[in-house]
Amino acid sequence: RHIILESRNWKEWSRGDDCRVASSDQDGGAHDAHAESSGINSNETGDALDSTRIHRLELNIMENVVDHGPGGRVWDAAIILSTFLMSEYRDRLQGACVLEVGAGAGLVAIVAALLGARLVRATDKDFVLPLLADNAAALAPEHYAAGTL
């Protein structure tokens, strides 16, 4: 599933204005996972933004409900929470410890790690953990290899 997350003004977003979160699942199956993150280089006035801050994430995250049940998909709530973290909690995540309970495919935990959380622990039922581990290893390999995700 290809997911695009963009940092937004949460007050506008919560009113139902254009949220600019896109998600597509062309064939309904699992996909090869990889991540691309990039900061937006300029704002409307042309001023440079901090390049160390992630303003947009494009993630191809694996889903598999056949083997992992409901925990094997990315729920809309995970997309909304991830966007909220990018928009409103980015600074609070720097160096934080994060626990995600019922992580499923792991989107929120992966986003927290990519946004600078020092330590992220994601939990779910035993039969969902292989999918979670595969997504973490593919989308946040530095954090996964270091044992911080």
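1. The accessible surface of the protein comes to about 8200 Å², and carbon and sulfur atoms hold 51% of that area. Accessible areas come from the Shrake-Rupley method with a 1.4 Å probe, and for residues only the protein chains shown count as cover. The model is predicted: local features need pLDDT of at least 70, side-chain atom pairs count only at pLDDT 80 or more, and totals for chains, interfaces and linings use all residues. Residues are numbered from 1 along each chain as its sequence is written, and side-chain values use heavy atoms, with hydrogens and water left out.

2. The secondary structure comprises 7 helices and 6 strands, where helices (H or I, at least four residues) and strands (E, at least two) are DSSP runs numbered from the N terminus. Their order from the N terminus is β-α-β-β-β-α-α-α-β-α-β-α-α.

3. Among contacts (heavy atoms within 4.5 Å) with a separation of 6 or more, 63% link residues 24 or more positions apart.

4. The largest nonpolar core has 29 residues, of which I61, V74, L107, V111 and L149 touch the most other members. Such a core is a set of buried Ala, Val, Leu, Ile, Met, Phe, Trp, Tyr and Cys residues joined through side-chain atoms within 4.5 Å. Strand 1 (2–6), strand 4 (56–60), helix 3 (76–88), helix 5 (107–114) and helix 6 (129–139) each supply at least two residues of this core. Helix 5 gives the most, with 8 residues.

5. Leaving aside neighbours within four places in sequence, L107 is in contact with I3, L59, I61, V74, A78, I79 and S82.

6. L85 lies in helix 3 and counts as buried because its relative accessibility is 12%. Apart from residues up to four places away in sequence, L85 touches R90, L93, V108 and L115. L85 and V111 are 26 residues apart in sequence, with a C-alpha to C-alpha distance of 8.0 Å.

7. Strand 5 (residues 97–101) and strand 6 (residues 119–123) run parallel and are joined by 5 bridges; two strands pair if DSSP finds at least two bridges between them. The chain passes from strand 5 through helix 5 to strand 6 in a right-handed β-α-β crossover: with the strands pointing away from the viewer, the path from the first strand over the helix to the second runs clockwise.

Note on methods
Buried means under 20% relative accessible area, exposed over 50%, partly exposed in between (1.4 Å probe, protein chains only).
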